[in-house]
Amino acid sequence: MASPLELFRKNQKVLMVPLTILAMFAFIVLGQMNADQVPPILGMLFVGPLFWFLGKDRGKGKEFAAVGVVVGFLLGYMYMPRMGTANVVTSTAGEIDQQQYQIMLQNRQIANQFVAQSYFASLTEEEMQSARVPQGALFGFPFVQSSEDDMILEFLLRKEADQMQLVVSDDAVSNYISRYTNNKLSQDAFKRVCQQLGVTQGRIYEILRDQLKARLAFQLKSPEVSLTPDQYWNFYQKFNVREELEVAALPVEDFKKEIAEPTEAEMKAFYENYKAVMPNEKGPGAPGLLQPPKVKVEYLLADYEETEKQVKAVTEEEIKAFYEENKETLYKNNPIPNDPNMNFPGAPVAPQGDQPIEAPKPAAPKPAAEEKAPAKPEAPKADPAEKTKTPAPKAEEKPKPEAKPEAEKAKTESKDKTSALDSNQTTFVALLDEKQPAKKESAAKEPEKKESAPAADTKPADKPAKPAAKPESKPAQPAEKPADKPADSQPESATTAAAPLEPYRPLNDELKSEIRDQLLRERTLELMQQKINAATTFMNDLSYKINSPATGENPPTPKEITEQLKSYAAKNKLVYNITPMMTARELMESEKYPLGTAREPTLNEFTAQPRTVLEQLFGTPMDQLYTTFEAEDSFSSALISYWKVAHTDTMVPKFDDPEIKQEIIAQIKTEKARPLAQKRAEELKALITKAKDEDMQTALKGQTITGKKEGTELLTQTTESFSWMRTSTAGASNPFAFPRPELSTISAIDGAGNDFMEQVFDNMQEGDVGVAMNADKSICYVVKVINRIPSTPGGQTAMYQEFLKTDLFFFFSPYLPMAQQEQVQTIQNWGKDLLAKYNVQKHFEAMDQEVEVVQE
């Protein structure tokens, strides 16, 4: 019998046809299949024909082929574990292997891409210019630190949904799509988006069903925080209890010199323990080697100084025109309030010459008649009365009977002298003239006698009556003087009254410069806004070509995109820039790239806290690239249009990386040096406590940081008065935004964290000495509380009474963001508890950097 090789040679031409067909089939069909489907199919395609060939000469080709198909399938199935299906997550709820994890990541990306593209497909061209994907429509759990935890949480929540027998129907998916597209997505647009993503309509529904099931389980299972009054009292104390400290700093770095170099074995063990742990993940200052997420950002920027050079100069005519248009509202000299109920500080209360406001009062006719007569004589008498406060005005009303000799003159002048201008002048006389105390007393005495009559008419009349009682002790001496005084008072008021104010600020050089600067700034900001709006439109159009290219067109490459942006920036006098891959902290601390302090522009003045650029970059899905956003930097006044061009997830480092080795050595030494610093701090605490009432500097005289003679001399500092928390407006361009609560900064403390604040506020009282670490545990502080407000039970009770009267829930209350932070912290703790409930173990290092997702 001929060997298989000889048979193959004899029938080579016959075999070439089916083999060619099989090759074409494999090329076309296998490319459309998932990786886990390939081995069995390949086994059937190649083993089946081979068995057919072996059985052909025996007349049993079909039977042999059938057996070959089965054998090929089994061989392929057995080969599947070799395709990389090692488990990356194990738990009591099930395992996730590498393939499943990649499929979950892919489905999440497809879901968010579908949401974004279908949303844009539902808009008109005009709406597209300033459109942003609704953040609530995108899938993900922003409170987790990495996509690994995100996928694990989704997996566990679907398990929870199955246990609760939750079902997401097709109608529920359709309603979800209709909701975020405002019922504007047409059937044709839906099909077009599916084609662009390369998935069927049924597949989209299956993916969205899984995402919605996990979201629904999260909404039902995650806790909601209802804060107690005691928790709000705790918030209140954090903002209002204040302390001053005397401190001595012990840097941990100083104690590293006493630590020997770690061995290779120590370094390897440290690497294995912390390679999958983020720095500070297990507590402030805790070690970790897992590399944090990084982003690469490309942006166009409208710079204030450069734009100002492009604005035309402000002319003298424009300054004068602006002045004339706005002098009534911006440049009017009006030091006395127009509202009669709002008293100018130190001014008399009763007589207000603003007749249009007084007129509507019911009993107006009688008081009006009484006020007219004394208006002129009483002006000088009101002047000296400023030190006796309110009696002066009442004096105007009372001398009316005494002023009978001048009644005729008072009648003829009453209408003019009761004008708003004259009453204002009278008030200024009272403010400026302090030369006639005797005359003031005489004027005040007689009003006291007739106080009963006008007291019922007006409330202001009651108040002057009390001070008027003092002059009454000097009896009838001034009785005849009122007749003489009116004659004298006329010239005196003329000499002692202040010169009348100009109705408006004069348009001098100073005011012209002020107006010029204002107009120039307004024009510059307007031009900047026009430029960045046009840049955003340009980037939106480019984004659409990148993420949703037309049929038959290839999207532009990253290099082509960069060239287009550079060209646009040069043409429109904008700044172009692109960052390297950077962490959130690196962006926050960067002086070169103004992104860490920038926020989204606030279109609505009453909008709550706007999102920061960092939240936008790191809080959006990793695959959401080349989506345009706007921002403004309040520090430089720059306006920015930007997008994310690359995003890497958390990454397990390699032990052989030289930089990682240096990091391992540094962290090992820090871990060993920290207890030495704390031990030294306790020794110094004992010295201070033993010294009792002596100040720290005296008690620690001659001491060094490490306790060794050759060490650095220990110095003490006194802090300013500070509270645990404060509200910050830094970087907030919107004056109506929520105040942001944050930890207070203390000049003598390098990064005081919550642990530090808890130690000095909750665990210490005035006069106590203690030990506290800063936020990253790089410095150990010996602290003494030298002043605390309140420090007594009575003071604490008074503060609690103020707390009971405080509106904790008004729009700008700093306690509302505190409650929101409490909610976030509670959800994060709940997520950790869910992982612990199912005993989740991660093994992502087996993927050998596959967790890194970079899209250029």
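A residue is called buried when its relative accessible area is under 20%, exposed when it is over 50%, and partly exposed in between, using a 1.4 Å probe and protein chains only. By that rule, buried residues make up 43% of the 856 residues in this protein. The model is predicted: local features need pLDDT of at least 70, side-chain atom pairs count only at pLDDT 80 or more, and totals for chains, interfaces and linings use all residues. Residues are numbered from 1 along each chain as its sequence is written, and side-chain values use heavy atoms, with hydrogens and water left out.

Start with the overall build. The protein has 33 helices and 14 strands. Both are DSSP runs, numbered from the N terminus: helices are H or I with at least four residues, strands are E with at least two. Contact here means heavy atoms within 4.5 Å. Of the contacts with a separation of 6 or more, 75% come from residues 24 or more positions apart.

Now look at one sheet. Strands of a sheet pair through backbone hydrogen bonds, either parallel or antiparallel. Two strands count as paired if DSSP finds at least two bridges between them. Three strands form an open sheet here, in the order β2-β1-β14, with antiparallel pairing. The edges are β2 (96-97) and β14 (841-842), and each pairs on one side only. Strand β1 spans residues 87-90 and pairs with β2 over two bridges. Asn-87 stands opposite Asp-97 in β2.

Next come the charged pairs. Side chains of opposite charge can pair when their charged atoms come close. A salt bridge is a side-chain nitrogen of Lys or Arg within 4 Å of a carboxyl oxygen of Asp or Glu. The structure holds 29 of these salt bridges.

One of them joins Lys-184 and Glu-127, at 3.2 Å from N to O. Lys-184 lies in the loop between α8 (170-180) and α9 (187-197), and Glu-127 in helix α6 (residues 125-128), so the pair ties together parts that are 57 residues apart in sequence. Lys-184 is partly exposed at 43% relative accessibility. Glu-127 is partly exposed too, at 32%.

Another salt bridge joins Arg-209 and Asp-170, at 2.7 Å from N to O. Arg-209 sits in helix α10 (residues 201-221) and Asp-170 in helix α8, 39 residues apart. Arg-209 is buried, with a relative accessible area of 16%. Asp-170 is partly exposed, at 42%.

A further salt bridge links Asp-755 with Lys-777, whose closest N and O atoms are 3.4 Å apart. Asp-755 lies in helix α31 (residues 754-762) and Lys-777 in the loop between β12 (769-773) and β13 (779-789), so this pair ties together parts 22 residues apart in sequence. Asp-755 is partly exposed at 41% relative accessibility. Lys-777 also has a positive phi, near 60 degrees, and is not a glycine.

Some salt bridges share partners. Arg-108, Asp-150, Glu-154 and Arg-158 are joined into one network in this way. Glu-154 lies in helix α7 (residues 147-163). Its relative accessibility is 2%, so Glu-154 counts as buried. A polar contact is a pair of N or O atoms within 3.5 Å; within protein, one must be able to donate a hydrogen and the other to accept it, and residues adjacent in sequence count only if both atoms are side-chain atoms. Such a contact, of 2.4 Å, joins the side chains of Glu-154 and Arg-158. Leaving aside neighbours within four places in sequence, Glu-154 is in contact with Met-104, Arg-108, Phe-141, Gln-211 and Ala-214.

Helix α29 (residues 658-691) deserves a walk from end to end. At the start of α29, a side-chain oxygen of Asp-657 reaches to within 3.1 Å of the backbone nitrogen of Glu-659. Further along, α29 bends by about 25 degrees at Ala-673, and Pro-675 follows within four residues. A bend at a residue is the angle between axes fitted to the seven residues ending there and the seven starting there. Just after α29, Lys-692 takes a positive phi of about 55 degrees.

Tyr-626 is found between α28 (613-618) and β6 (629-633). Tyr-626 is not a glycine, yet has a positive phi of about 55 degrees. Its relative accessible area is 8%, so Tyr-626 is buried. Pro-790 is found in the loop between β13 and α32 (793-805). A cis peptide bond joins Ile-789 to Pro-790, with omega about -5 degrees.
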